[in-house]
Amino acid sequence: MLAAIVRASLGNPRIVTALACLIAVFGAAAAVSARFDVFPDFAPPHVLVQTEAPGLDATQVEALVTRPLEGLLAGTENVKTVRSTSSQGLSAIQVVFDRGGDPYRQRQVVTERLAEFAGTLPQGVGAPLLSPLSSSMEYLVHFGYTSDRLSPVELRDVVQWIVKPQILAVPGVAQAQIFGGEVHERQIDIDPARLALSGFTLEDVLATAKRATALIGGGYLETPTQRIVIQAQAPGAGIDALAGAVLGTREGVPVRLADVATVREGSQPRFGDALIAGRPGILIETSTQFGANTLDVTRALEERLDALAPALAKQGVLYHPALLRPASFIESAIEKLRNSLLIGAVLVVALLLITLRDWRGALVSFSAIPLALLTTVWILEALGMSLNTMTLGGLVVALGVVVDDAVIDVENILRRRRTVTGNVNINELFISASLEVRRPVFYATAAVAVAFLPILMMSGLQGAFFRPLSISFLLAVGLSLLVAMSATPALCALVMAGQHPRSEAAFLGHLKRGQLGAIAWLNQRPRALVAIVLVSGIAGIICLPLLGARLLPDFRENYLIAHASLRPGISLAETTRIGERISKSLMAIPGVKSIAEQIGRAENGQDPDAPNKSEFEVQIDPRQGHRAAEIDADIRAVFANYPNQLVEIYSVLAERIGETLAGESAPFSISVIGSDLDADDRVGAQIVDVLRHLPGTSNARLTVPPREVELHLELLPQQLAIHGLLAADVLQTVNAAFHGTVAAELNQADRSVPVAVRIAHQRADPGALGALLLRGRDGALTPLSSVARISMPLARSVVDHQDGLRRQVVVASSKGADQARYAELARRSISAQVQLPPGVFLRYGGAAEAQAAARNELLLHSAAAFVLIVLFLALAFGSTRHVLLVLLSLPSTLIGGVVAVALSGGTLTLGAMVGFVALFGMAARNTILLVSHYDHLVKAEAQPWNRETAARGAEERLTPVLLTALLTGLALLPVALQLHQPGHEIEGPMAVVILGGLVSSTLVSLLLIPPLAARWLRPQRI
């Protein structure tokens, strides 16, 4: 079959070349319109269900809302885990599904279940809401607005009713969360004494407010010639009109709302706040829709916002763009990977011209690169995959292998043409030269492809990251094999038929003479030969586990997120005051471009943070002459000046990956699971103490806050009966006094304003609760303290669940890069020093656990791939000795990769582990080409098998073997040299491993395998 394809291509070179050009054009068109992103969608399908429960504390929300909803959602199909947080007034439940499912179907199932549950929620609890379906990164653009002219309410109105609709109108935007400002509402502040004197109740006020603002359509009037619409305007649309609404009559005199309350414009109670560069403002966080093109959506949104900015400026509103912009990392990463690909291609061309000394041969060889890679892009787009740092990384890694297949063919044709004299049939020479290397190239390429199968079979987060890389690599390598069998022979026939090649490059002659001398020296010292092979192989195997390990490297982004937490129970105003001081200190750091802080949570926001928690979004600009590491150190030094605030600083990608792995941003987490929260707290505190005394710990803390002060109200049934009060009426009065009850909604042309009823004149201190006046029997006013027991115990502000069980969470981060060793040391220390009470157990999570799972998975799948490679070798050679010789060379290739990792930092990331797996296939490829040539010499050229034949085969294969290694190395060199640049964090370590391994594997193939083959292979077996 291989011979038939080669003959057909040589028989119709123009047709084959034209088809190749057409395919390349389609590939180029696909590359222009491709969807770009930073990474593949690495997060599993998930939904966030949020339920507002005004007035309920954390334990009440847990019992009345969270637990029933968890039980309902846990039985949903393909659910992997359910996490929830119950806090004051809010239940937030995250349902994570198994990977591979249809996210739209899973959302539909959740929606159907929630519809069944909606009628069973307690009175006053809002309907459960699903967060929009967003991408793995979620973040699209964060930007803000400040104003010296407008009040917080007016600024919020501008953003809420003018800017937000424009944001959501941009295709690809999933959500816009607003932090800061004050939400406008119309308030009816009741005077308890005046209300009691009037003889009316709180329920009467609520009903009157609702009736006064009700908007009921008037219908239309039909005349013989036209239809006239009747517009009925609610009488309570204005403040005076609402104040004049009649509650009822007393002794024939109308009692209006103004007689018992003050009607005014005000603002809703705040859940959060925002600071822009230390100034109060509004921060808007947008997220990307699932499957949307992040770059296109970002640019479209920024274009829309830029168009709005001049009109807003006229109102005194200042626009602060790109406070957090992941697209900047995408642009930087894609640009650097694209440059690495281009530089690698230029280096490949230069090497081809220097080595082959023939521009036609270099052109034919190089043509495999655009043809194979552009076709790969075309197929990736057809499969619905984006072009991201992983798919482009696969193309970069494949660059050397792609050109290898064509180079081996072209080099063999040139070598054969140099050796023949006189008239010769060019087509037959092309066919015989191509077929001579076609079978070994096929099996060698198959070995490389099989070596990548363990990467393709990875699961979880690591699979989501590296599967696109392996798919793009395998597609490119497979297509390069097809190109080498079809387009390459056809191009050779078109441009090389009438051309006689120049003599071989002089430096190759010097290398061959040095190679023959080294082989002769080793032939005379068999013990030294065996010792070198064994020692290098054993050294690589022993040293590899000694390297430090972590899942993913640090990402070089220009945005940092600092999670800050003050003591639980701190007010929103105090958190804002401290945030202003920190922001001003951060802005004074050279290299810091912008600062934004979100405090607490947004209304229906995805993060249910309390007022004591905040996030600082810091944009840095290393181009100002300061290194990123120095700026990072200065930022950490600022936060260190506030010891009462716990701070964790991560890059945006690190935060999202950590939350995907375990629901926490930190790289190492421990869930303490048990029904007794106090016992969970005690165990968690012990674990934190153990970790803080552990060498290498940077930070360790509890994420679920301990108990904090709470005003506890216990109604006394006998006292309620004495005063003629109902419990429901008392609780409603308390809610109106300290939270407010929304009675109605004023719907205007382009906005709506809630109408809230409150009890006025309440002091801002705990004693105000007991002094609250209640209207008892016969209209007598009774303080709340006379019918209730009021205390200030320590209570839960947050209750966390995992899979329906209560938990406390400990998070930690290490100072060094070796996360795996730190995690193992932490496990052993916790096991030895922490005694778990009955009913409490631990569950470990984070990057270290994922790294260990990825390592075990790679080892298992690599063992299966090793068996497949052995089967391929047996099929290729049909000889046990040939197979064993190839396998013997593989361990020695490890040492080059190990040395390269040690020199570049000594940490084995997942990218480096993948590099070692890929390295085995590339090392086997070189040895297969050499040993296959030995078969050709003995079988096709009838050479006797001896040391001279082994040396001759090595000499003749030096050029293709060295060339393939150099081509792969040069293609990866730009990536390896930019190891610490954005976009190369994952592929960089992989390139370093492959480069180091190629050095050792090439030396093994060209110097150690020939003398071993001369002694090991037997003539009768060849």
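This is a predicted model: local features need pLDDT of at least 70, side-chain atom pairs count only at pLDDT 80 or more; totals for chains, interfaces and linings use all residues.

Tutor: Happy to. Gly 591 is found in the loop between α19 and β19; helices (H or I, at least four residues) and strands (E, at least two) are DSSP runs, numbered from the N terminus. Gly 591 has a relative accessible area of 1%, so it counts as buried, a term that means under 20% relative accessible area, with exposed over 50% and partly exposed in between (1.4 Å probe, protein chains only).

Residues are numbered from 1 along each chain as its sequence is written, and side-chain values use heavy atoms, with hydrogens and water left out.

Now to the sheet that contains β19. Six strands form an open sheet in the order β14-β13-β19-β20-β18-β21, with antiparallel pairing; two strands pair if DSSP finds at least two bridges between them. At the edges stand β14 (279-280) and β21 (646-651), each with a single partner strand, so one side of each is left without a neighbour in the sheet. Strand β13 (residues 272-276) and strand β19 (residues 592-600) run antiparallel and are joined by five bridges. As an example, Ala 274 has Gln 598 in β19 as its bridge partner.

Two helices belong in this picture as well. Helix α20 (residues 628-640) packs on the sheet, where it touches β18 (559-565), β19, β20 and β21; contact means heavy atoms within 4.5 Å. The direction of α20 makes about 150 degrees with that of β20. Here axes are lines fitted to C-alpha atoms, for helices over the stretch in contact, and angles run from 0 to 180 degrees between N-to-C directions. The other helix, α19 (residues 572-587), lies across β13, β14, β19 and β20 (613-620). Relative to β19, α19 runs at about 170 degrees.
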